[in-house]
Structure formats: structure tokens, C-alpha cells
Amino acid sequence: MSDPRCAAIAGRLATPLRVAVSGRRGVGRSTVARALAHAGVTVATTPQADLDVVVVADAVKPEDRAAIAATGRPVLAVLNKADLVSTTAPGRHPDGPTAVARVRCAQLSSAAGTPVEPMVGLLAVAALDDSLWAELHDERSSVPALDTFGTRQARSAIRRGASRADVEALLRGLSGIDGVVAKIGILGAQLRYRRESAAVAELETMAVTDRRIGEFLTRDDTVVARMMSAVDAVESAGMEVDRADTADAHLRRATHWQRRRRGSAASIERACGADIVRGSLRLWSKAGGSV
Ligand SMILES: Nc1nc2c(ncn2[C@@H]2O[C@H](COP(=O)(O)OP(=O)(O)OP(=O)(O)O)[C@@H](O)[C@H]2O)c(=O)[nH]1
Ligand SMILES: [Mg+2]
């Protein structure tokens, strides 16, 4: 697209979503922000952000709940220092330390008013360089970079013959960073859908005088891509979509969402529903369906 207006629209769509990290002092805001940036998330300072990550540790205090309720943006609560749940919880943990942290997160979710995702920021930012690798092999030394839990897990893996790459993967897995990044992606689906809707509205205006833009908007690829964004968006809002890829499924999906979008007051359901119906009918006719 050589039209500068199209380039501007494409540029806005390509801008990554920006995440603001906040929380009480000392909960690990800086560590979590660093871990997210390291995992490829664009971390921004609060006023410009699209999404919020509110970090809590140990407990959800009334001020945490207030901060979560006040963001006015899609928000993910993260229980950082999830490693301390298993090192301070009494008794043995037959399903492992990660399971203990998950149970704790489920308990904290009601106090937070939103789902809480566990994370061990410390393990997500630890670089397993030569000196850390040497420290791990010297069983008399403590390893502050990994704290008690990370050190114990890494050392027991090494005793079982784990390589440095294995330990790196283990620490990443235990850090929970991938789960947090996935949750951010899910939360972002509604924002991406809204951005795309704004872009489509602009392109529709331009299409009045530019036939090629009209053609672009009605192409199979475009209609189906719009539907996929709409599917991601409604799923991220907790609704279910039948993603099966047969002519029957496409027609069923079209009928279902036609009914839903008419019957709903929720704007996301109405807008996404229209795109799901359009895309499903297009896929249905491509798959050979006809009335
Ligand atoms: N055990 C454990 N300690 C952590 C974790 N994340 C951070 N810490 C430690 O918690 C302390 C505070 O971490 P920061 O990231 O500086 O926290 P912050 O919220 O930015 O703190 P301030 O900016 O000082 O208010 C540091 O000593 C970190 O090493 C974690 O996942 N587990
Ligand atoms: Mg800090």
C-alpha cells in the first residue's frame, strides 16, 4: 500500500500493546517489568499503557484491590514471589511447589476481584552465566540470585544430571513467565480487535473513492482475518466459540452468532458477532455450502 493514509493505519495496527507494571513497594515491580521486557513484552510507564499488570506478593491488600479496580484498562494481577508460597507453607507438597502457588492464586483471586497468575520474577531474570553455574555446584554457598526455592530446584536437577540448558529451561518453567505473557496476549485480544475495527472504519471511508481498498476489505482473507480477531476477542471475554473447520460447523457458527448478536446488549458480542457471522458464511460458501 503506497497511500500514506494506508501506511499510517498499518503503522498503528503494528504498534505493540504497551503494558504498565504497578504494585505496592517491594512486591517486585522492577523485577517483573524486567522479566516481561526480556520476554518481548513492551513495558511502558503508566499514562501511555494499553494494559495493566498489577503485581502483588504474599497477600492481596485492600489497596491492591483498589488499584486493580481503578485501572480503567484491561488488567492482569500477578502474584510475584510465588516461590515463597511453597517455602513458607507448612507441610509437604506432593503436587509440587508450582501447584501450591496455583492454589494460593485461586484463593487470592476473590480478594483481587480478578484472576491472579503466579510468577517468580527472580527466576525469570536470572542469567545462568558461568559464575551462577559455579555457585550452584558449590553446595556450601547460598545463591541469592535464585533464592532458596530456585537454588533447591536447580541443585536437585543438577544432581539428576541436568545440563546447563536443562536448568535454564527448568528455571524459566518455574518462573511462570510464559503463563503471564500468554495471559497478557489473551487480555490484549479485545484491544487488538478494537484497533482493527477503527482501522476498518477508516478504510471503509476511503473505499468510497478508492475501489482497491473496497476490494481489499471484501477479500476472503480480510473477512476471515477479521473473524479470527473477533473470535480471539470474544474468547478472551470468556465466551466459547466452535472453531471446527467444516462446512457444517461454519454454518452452525454463523447461525449461532447471528442469534447471539441480535439478542445481546453487550457491544463486544454485537460487533464481534457480526464479524463472526460474515467470516463463517464466507468459509461456509468456500467449503461448498449452499442454500
Ligand atoms: N524470592 C523472590 N524474591 C523476589 C522475587 N522477585 C523479586 N524479588 C526480590 O524482592 C525484592 C524487591 O524486588 P524489586 O523488583 O526491586 O521490587 P520493587 O517492587 O520494584 O521494589 P521498590 O521499587 O523498591 O519498591 C528484591 O530483593 C528482589 O530480589 C521473586 O519472584 N522471588
Ligand atoms: Mg523498583
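Axes are lines fitted to C-alpha atoms, for helices over the stretch in contact, and angles between the N-to-C directions run from 0 to 180 degrees. The model shown in these close-up views is predicted.

**View 1. Crossing of helix 7 and helix 8 in the predicted model.** Helix 7 spans residues 130-137 and helix 8 spans residues 147-159; their axes come within 10 Å and cross at roughly 75 degrees. Angles of 65 to 115 degrees count as roughly perpendicular, and helix 7 and helix 8 are therefore roughly perpendicular to each other. On the side of helix 7, the contact is made by Trp133, Glu135, Leu136 and His137, and on the side of helix 8 by Thr151, Ala154, Arg155 and Ile158. By class, the residues of this contact comprise four nonpolar, two polar and two charged.

**View 2. Polar contacts of ligand 1 with Arg29, Ser30 and Thr31.** The side chain of Arg29 places an N or O atom 2.5 Å from an oxygen atom of ligand 1. For Ser30, the corresponding separation between a side-chain N or O atom and an oxygen atom of ligand 1 is 2.7 Å. A polar atom in the side chain of Thr31 lies 2.5 Å from an oxygen atom of the ligand. Ligand 1 exposes 640 Å² when taken alone, and the protein buries 70% of that area.

**View 3. The shell of residues around ligand 1.** Ligand 1 is surrounded by 15 residues, of which Arg29, Ser30, Thr31, Asp83 and Asp147 are the closest. Two or more residues of the shell are given by each of helix 2 (29-38), helix 4 (83-88) and helix 6 (121-125). Helix 2 provides the largest share, three residues. The shell divides by class into four nonpolar, six polar and five charged residues.

View 4. A polar atom of the Ser109 side chain lies 3.2 Å from the backbone nitrogen of Val116. With residues up to four places away in sequence not counted, Ser109 touches Thr114, Pro115 and Val116.

Conventions: Residues numbered from 1 in each chain as written. Chains lettered and ligands numbered in written order. Predicted model: local features only at pLDDT ≥ 70, side-chain atom pairs only at ≥ 80, totals over all residues. Heavy atoms only, no water. Helix = DSSP H or I, 4+ residues; strand = E, 2+ residues; numbered from the N terminus. Parallel < 35°, antiparallel > 145°, perpendicular 65-115°, else oblique. Contact = heavy atoms within 4.5 Å. Nonpolar A, V, L, I, M, F, W, Y, C, P; charged D, E, K, R; others polar. Near = heavy atom within 4 Å. Polar contact = N/O pair within 3.5 Å; in protein donor to acceptor, adjacent residues only side chain to side chain. Areas by Shrake-Rupley, 256 points an atom, 1.4 Å probe, with all protein chains shown as cover.
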